[in-house]
Amino acid sequence: MLTIKENEALSRIIHQHRNQNRCIGFVPTMGALHEGHLSLVRQARETCDVVVCSIFVNPTQFNDPGDLERYPRPLERDVALLENTDCAILYLPSLEAIYPAGTKPSEQDLIGPLDHLMEGAFRPGHFTGVRQVVRRLLELVAPDELFLGQKDYQQVAVIREMLRRSGSSIRLRMCPTAREQDGLAMSSRNALLTPEWRSVAPVMHQCLQQARSELGELTPRDIEERAMDTLRHAGLKPEYFSVSDGDTLEPVGDPGGHSRIVACTAAWAGKVRLIDNLMLRG
Ligand code: AMP
């Protein structure tokens, strides 16, 4: 695995692969890697010749400075984990390499309807930062395929919309959520949970599964209410539990008219904010 920090070196090597007609797959991450990230690398290698993985903790997508400060950064361990995969290039840019003109988002970042729902509502500016960094990384890596995790379902929808609006030919692949044995979605933030909160956190996945079994029996609003109650009962502080259209992410009224339905939730486990989702239909 080649570790690259400079943009020029990155574009040189990407150019070489392009000249050989190799398909380039890209897995952007913020590090503190776990099996979820590694599964993205594996899936990228299934359809692409060259896998590029980036580690960059993007400050512009953190709406809470404390969250940015606490975000784990075990770089040596990350490099060792990636060495054991088929990742060909690890791109480790500096803040200046990504934002040479400063971190202010550009005018071209138009806010869409997805920015006002769920994560967008509770983390103002988050998706502006996500689009900003992904747009820049795609410019630098110029991949054929982009691999994102279903764990961040709304993020995938936001990036899909961004690619569509810009007429990009990059293929977006959404990869399944990797989970711990007890159902908790793997997340870099899980490392910050105390043992007590770690034992409570799987309730989120249980509520999502419960919602799947209730669809068709209860109304979406009743499903949401019951789930919020269960989460609170377990001691978590839920921000939302939403039964949403799988494409628009708008709340579902009558499930009859929707071919894809997803339940998404965010909750605080002590000082750690966790998110998860599950397809209920489609
Ligand atoms: P992050 O480092 O949290 O920004 O995540 C980098 C990529 O890994 C994103 O596309 C995430 O959706 C994906 N990812 C994070 N956790 C998981 C997981 N448990 N399963 C699958 N993909 C994940």
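Biologist: Where is Q61 found in this predicted model?
Modeller: Q61 lies in the loop between β3 and α3, a helix of residues 65–70.

Biologist: Why is Q61 called buried?
Modeller: Buried means under 20% relative accessible area. Q61 has 9% relative accessibility, so Q61 counts as buried.

Biologist: Which residues is Q61 in contact with, leaving aside its neighbours within four places in sequence?
Modeller: Q61 touches M30, R123, H126, G129, V130 and V133. Contact means heavy atoms within 4.5 Å.

Biologist: What is the order of the strands in the open sheet?
Modeller: The 6 strands follow the order β1-β4-β3-β2-β5-β6, and their pairing is parallel.

Biologist: What makes β1 and β6 the edge strands?
Modeller: β1 (2–4) and β6 (171–175) each pair on one side only. From one strand to the next, the twist averages 25°.

Biologist: How do you know that β5 and β6 pair?
Modeller: Two strands pair if DSSP finds at least two bridges between them. Strand β5, residues 145–149, is joined to β6 by 5 bridges, so the two strands pair. They run parallel, and G149 stands opposite C175 in β6.

Conventions
Residues are numbered from 1 along each chain as its sequence is written. This is a predicted model: local features need pLDDT of at least 70, side-chain atom pairs count only at pLDDT 80 or more; totals for chains, interfaces and linings use all residues. Side-chain values use heavy atoms; hydrogens and water are left out. Helices (H or I, at least four residues) and strands (E, at least two) are DSSP runs, numbered from the N terminus. Axes are lines fitted to C-alpha atoms, for helices over the stretch in contact, and angles run from 0 to 180 degrees between N-to-C directions. Buried means under 20% relative accessible area, exposed over 50%, partly exposed in between (1.4 Å probe, protein chains only).
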